[in-house]
Amino acid sequence: MKPTLFIMVKEPHPGRVKTRLGRDLGLTSAAWWFRHQTRKLIRAVGYDPRWQTVLAVSPDIEGLKSRIWPADLPRWAQGQGDLGDRMGRIFCEGPLGSIVIVGADIPNITPHLINKAFRALGNHDAVFGPAPDGGYWLIGLKNGVNAVPSKMFENVRWSTEHALSDTIATLGDMRVAMIDTLQDVDTIRDLDGINQQS
């Protein structure tokens, strides 16, 4: 059974995606950036034969019908709630086997890093790809639904420097692996930093 990679995507409408980036770039430019970044990411990691890829779409109805994303990849409606609710639903209701979830706004994700995360789940229960701001760009669980702690994502302070440490605290005594730190893009400063690394 192949492991599953979920890529979380939103319909790239101005004012609904990357709003902090939009304050500096303009809402239309920020939405354009997100749309092209997401398509680039899907091309880079979405068709690797080592795993199956599912697009976790939002909003649900529009995302399931959208012509923006590739029609040949399966889609999963994220549903309602905060980020923890939506990721928890993927882990609880998703396919059997190991599951890794990534955001779409991280330009430097590569097939090598996704494979590294799945390999880490060989002898760990969970894996994270940390972000410099205290959050994370990747989370994975070995054996999906069979590994979900009952209080996973409870009391996590999302969009703060505590998101990663809070999430790890919900995992109890699970064995946790860390892979490479990558920058997600929330502001123009993040985008400038990534452009300088390229």
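1. **What we're looking at.** This is a predicted model, where local features need pLDDT of at least 70, side-chain atom pairs count only at pLDDT 80 or more, and totals for chains, interfaces and linings use all residues. Residues are numbered from 1 along each chain as its sequence is written, and side-chain values use heavy atoms, with hydrogens and water left out.

2. **The overall build.** You'll find 7 helices and 7 strands in the protein chain. These are DSSP runs numbered from the N terminus: H or I of at least four residues for helices, E of at least two for strands. Starting at the N terminus, the order reads β-α-α-β-α-β-α-β-α-β-β-α-β-α. The radius of gyration is 16 Å, close to the 16 Å that the globule rule gives for 198 residues, so the chain is as compact as a globular protein of that length. (The radius is taken over C-alpha atoms, and the rule is 2.2 Å times the number of residues to the power 0.38.) Those C-alpha atoms fill a box of roughly 45 × 35 × 30 Å along the principal axes.

3. **The sheet.** Strands count as paired if DSSP finds at least two bridges between them.

4. S1 (residues 4–10) and S2 (residues 52–58) are parallel, with 7 bridges; Ile7 has Leu55 in S2 as its bridge partner.

5. Buried means under 20% relative accessible area, exposed over 50%, and partly exposed in between (1.4 Å probe, protein chains only). S6 runs antiparallel to S4, with 4 bridges, and Val102 stands opposite Leu138. S5 (residues 126–130) also pairs with S6 in the antiparallel sense, over 5 bridges, and there Phe128 faces Ile139. In the hairpin of S5 and S6, with 5 residues between the strands, look for Gly134 and its positive phi near 95°.

6. **The nonpolar cores.** A nonpolar core is a set of buried Ala, Val, Leu, Ile, Met, Phe, Trp, Tyr and Cys residues joined through side-chain atoms within 4.5 Å. The largest one has 38 residues, and Leu5, Ile7, Val102 and Trp137 are among those with the most contacts inside it. H2 gives the largest share, 7 residues. A second, separate core of 23 residues includes Phe6, Phe91, Leu164 and Met174.

7. Pick Val102: leaving out residues up to four places away in sequence, its contacts include Leu5, Phe6, Ile7, Trp137 and Leu138. A contact here means heavy atoms within 4.5 Å.
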